[in-house]
Amino acid sequence: MNFKSWIKSNVYKGIKKIKTLFSSLKFPNLNTIVAANALLLSACALYISVQEVRIMRVQQKATMFPYLTITKTYNSEGYGIIIKNSGNGLAKINSYQVYNDSIHFRDWFDVLQNLSPESKIDYSMINTVGSIQNEMITPNEKLNLIFLRWNDETRLFENNLSSLKVKICYSSLLGESWMVTDDTTSNLVDNCSFEIEKEFGL
């Protein structure tokens with residue numbers, strides 16, 4: 001066998017081996033490829049749907065958050081302490097305390113007797129919501145925890161208002177709880193404690 005024939009023979013054998021190798025491999029047919037693509041697209045669509053639902057729940061939750069603030073107010077008619085819901089959801093009052101450095105007061109009469117015994121303030125000079133435990137405060141609603149109309153007697157008490165501290169714990173309809181005082185913003189807490197001996201208005 002000459003060199004030319006040997007080359008031709010070996011090239012033929014190589015081509016035959018390559019054909020045999022490719023024929024042994026099983027490539028997926030068109031139906032398999034289409035089915036795989038459909039499965040992949042379905043998985044992607046499911047993932048997108050789950051994410052959309054999660055985002056919608058987060059947005060819905062945000063629209064139900066209350067946000068209470070406690071501020072002291074003064075105008076031409078008088079002065080007092082106001083609570084306002086500046087959030088988007090209902091606020092349920094779970095705990096309401098009025099106190100100073102040494103006493104947790106029971107009601108506004110108790111406050112007046114302890115802080116301003118020399119003044120002769122009666123309830124005709126006061127506007128108050130009284131007990132607010134378990135009350136629901138709607139968005140943008142504002143309540144006068146106490147409001148005193150200006151006169152000689154209420155002016156005597158005004159200097160003592162700065163020593164009063166108010167603390168309220170409230171929750172949303174979804175169960176989250178916050179604590180707010182007259183000198184802090186609302187802070188998220190695990191739950192609202194309730195100590196009957198410290199509660200105001202009960």
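This is a short chat about a predicted model of one protein.

Visitor: What average pLDDT does the protein get?
Guide: The model is predicted. The protein averages a pLDDT of 80. A score of at least 70 is reached by 70% of the residues.

Visitor: Where is confidence lowest, and where is it highest?
Guide: Confidence is lowest in helix H1, residues 3–24, with a mean of 56. Confidence is highest in strand E3, residues 91–99, at 95.

Visitor: Let's talk sheets. What is the order of the open sheet of four strands?
Guide: The order is E1-E2-E6-E4. The pairing is antiparallel.

Visitor: Which strands are at its edges?
Guide: Strand E1 (68–74) and E4 are the edge strands. Each pairs on one side only.

Visitor: How many bridges join E2 to E6?
Guide: Seven. Strand E2 covers residues 78–85, and strand E6 covers residues 142–149. The two run antiparallel. Among the facing residues, Tyr-79 stands opposite Leu-148 in E6.

Visitor: And how many join E4 to E6?
Guide: Two bridges, again with an antiparallel run. Strand E4 is residues 126–127.

Visitor: Which residues in E6 partner Ile-126 and Asn-127?
Guide: Ile-126 has Leu-148 as its bridge partner. Asn-127 has Phe-147.

Visitor: What about the open sheet of five strands: what order does it have?
Guide: That order is E5-E3-E7-E8-E9, with antiparallel pairing.

Visitor: Why is one side of E5 and of E9 left without a neighbour in the sheet?
Guide: Strand E5 (136–137) and E9 stand at the edges. Each has a single partner strand, so one side of each has no neighbour in the sheet.

Visitor: How many bridges join E8 to E9?
Guide: Four, and the strands run antiparallel. Met-179, for one, stands opposite Asn-187 in E9.

Visitor: New topic. How many disulfides does a search of the whole structure find?
Guide: One. Cys-169 is joined to Cys-192, with an S to S distance of 1.9 Å.

Visitor: Is the disulfide left-handed or right-handed?
Guide: It is left-handed, because the torsion about the S-S bond of Cys-169 and Cys-192 is about -80°.

Visitor: Is Cys-169 buried or exposed?
Guide: Cys-169 is buried, because its relative accessible area is 1%, and buried means under 20%.

Visitor: On to charges. How many salt bridges are there?
Guide: The count comes to three. As a general point, side chains of opposite charge can pair when their charged atoms come close.

Visitor: What does Asp-182 form a salt bridge with?
Guide: Its partner is Lys-72, with the closest N and O atoms 3.1 Å apart. Asp-182 lies in the loop between strand E8 (177–181) and E9, and Lys-72 lies in strand E1. The two are 110 residues apart, so this pair links distant parts of the chain.

Visitor: How accessible are Asp-182 and Lys-72?
Guide: Asp-182 is partly exposed, at 22% relative accessible area. Lys-72 also counts as partly exposed, at 32%.

Visitor: What about Asp-101 and Lys-165: how far apart are their closest N and O atoms?
Guide: 3.0 Å, and the two form a salt bridge. Asp-101 lies in the loop between E3 and H3, while Lys-165 is in strand E7, so the pair ties together parts 64 residues apart in sequence. Asp-101 counts as exposed, at 71% relative accessibility. Lys-165 counts as partly exposed, at 32%.

Visitor: And which residue does Glu-195 pair with?
Guide: Glu-195 forms a salt bridge with Lys-198, with the closest N and O atoms 3.6 Å apart. Glu-195 is partly exposed, at 30% relative accessible area. Lys-198 counts as partly exposed too, at 27%.

Visitor: Which buried residue has no salt bridge?
Guide: Asp-110 is one. This residue is found in helix H3, residues 108–115. The nearest side chain of opposite charge is Arg-106, 6.2 Å away.

Visitor: What does the side chain of Asp-110 reach?
Guide: It reaches the backbone nitrogen of Arg-106, at 3.0 Å.

Note on methods
Residues are numbered from 1 along each chain as its sequence is written. Side-chain values use heavy atoms; hydrogens and water are left out. Two strands pair if DSSP finds at least two bridges between them. A disulfide is a pair of cysteine sulfur atoms within 2.5 Å. Buried means under 20% relative accessible area, exposed over 50%, partly exposed in between (1.4 Å probe, protein chains only). Lys and Arg count as positive and Asp and Glu as negative; His and the chain ends are not counted. A salt bridge is a side-chain nitrogen of Lys or Arg within 4 Å of a carboxyl oxygen of Asp or Glu. A polar contact is a pair of N or O atoms within 3.5 Å; within protein, one must be able to donate a hydrogen and the other to accept it, and residues adjacent in sequence count only if both atoms are side-chain atoms. pLDDT is the predictor's confidence in each residue, from 0 to 100.
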